[in-house]
Amino acid sequence: MRNNEIKRTGLGARASRRVGNTVVYTVLVIMTVLWLFPFVGILLESFKAETSMQTTYLLPKRFGLDHYIRLFTKTDFPRWFLNTGIMGVATAVLQTVFVLSMSYVLSRLRFRGRRGLMNFMLILGMFPGFLTLILIYKVFTDLGLTMQMAPLGLIIVYCASSGMGYYVSKGFFDTLPKSLDEAARVDGATRAQVFYKIILPLSRPIVIYTVLMGFMAPWGDFMLASYLIHENSQGMNVAVGMFEWLSKTMVNTNYNMFCAAGVIVAIPVTIVFLCLQKYYVEGVTGGAVKG
């Protein structure tokens, strides 16, 4: 009798678990479909052979690559894409150096004013960046870093205060034992050698996380870029350039090409995240500790 009761209890638990899993997976599938629907719509619009957005159907009646061909032959999109790529790579490299160096110093060294410096950067980071737009534009105009030279100016702006974003990286460094530093110092290594030869090889997740964050900032930036770049197509990034196609006089004829450009812009970011998502998650969770 007891064995029968145990078997029934086990079967009931498994059945209940299966029902629960089925409900959870169903909800996740519905959420995924809703989340992906706008992206699928943009992809389908980019392959429509029609050149007008005034259509009442989603699936193209005739597929074609006309908008992609026009994108690379009739517009300055290749130049915008190159500008954005250069800004993304340069910003990712420089920001990674600045952020990780600042994080290591605040994690390992103890000096007078350390706590005050950390609190000052925390408070300063609460102010929105657009408060300085007028000053940035004035200074960069005097230096000739607007319009066609705006990509260089934007790289400087993106990297100038990047050291204040030390929070996650410092939390990760705090999890590494300080005995590693002490052993290397005893063997005669300098602080720089300890950082580059010992700490960084053990910090691949946070390094990749910092690179991704540095790359994403200029890739999708519009507000600051549009402020420094206007009426000069050679200096635009993809966000500012594509926005020009959405004016009242151009949106009807350029909408499908806009969707094609959106697909092209999304490809590099998607590939990078799919390849590095493991390290991205490890970097976020590894740095989410109190330091």
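Let's start with the largest pocket: helix 3, helix 5 (133–143), helix 6 (150–160), helix 7 (167–174), helix 10 (204–219) and helix 11 (223–228) each put at least two residues into its lining. Keep in mind that this is a predicted model. The largest pocket holds about 950 Å³. Its lining counts 31 residues, and Val 157, Tyr 158, Ser 161, Ser 162 and Met 164 sit closest to the centre.

Now for the second largest pocket, with a volume of about 610 Å³. Here 16 residues make up the lining, and those closest to the centre are Phe 39, Gly 262, Ala 266, Ile 267 and Thr 270. Helix 1, helix 10 and helix 13 (251–286) each give two or more residues to this lining, with helix 13 giving the most, 8 residues. The lining of the second largest pocket has 14 nonpolar residues, 2 polar ones and no charged ones.

How far can you trust all this? The chain's mean pLDDT is 83, and 89% of its residues reach 70 or more. Helix 1 (residues 2–46) has the lowest confidence, with a mean of 76, while helix 3 (residues 77–108) has the highest, at 92.

Finally, zoom in on Thr 84, which lies in helix 3. Thr 84 counts as buried because its relative accessibility is 0%. Leaving out residues up to four places away in sequence, Thr 84 touches Pro 218, Trp 219, Asn 237 and Val 238.

Note on methods:
Residues numbered from 1 in each chain as written. Predicted model: local features only at pLDDT ≥ 70, side-chain atom pairs only at ≥ 80, totals over all residues. Heavy atoms only, no water. pLDDT = per-residue confidence, 0-100. Helix = DSSP H or I, 4+ residues; strand = E, 2+ residues; numbered from the N terminus. Buried < 20%, exposed > 50% of the residue type's maximum accessible area, 1.4 Å probe, protein only. Contact = heavy atoms within 4.5 Å. 1 Å grid on protein atoms, 1.4 Å probe; cavity = no way out; pocket = protein on both sides within 12 Å on 5 of 7 lines; lining within 4 Å. Points joined across faces, edges and corners; volume = space filled by probe spheres on them. Nonpolar A, V, L, I, M, F, W, Y, C, P; charged D, E, K, R; others polar.
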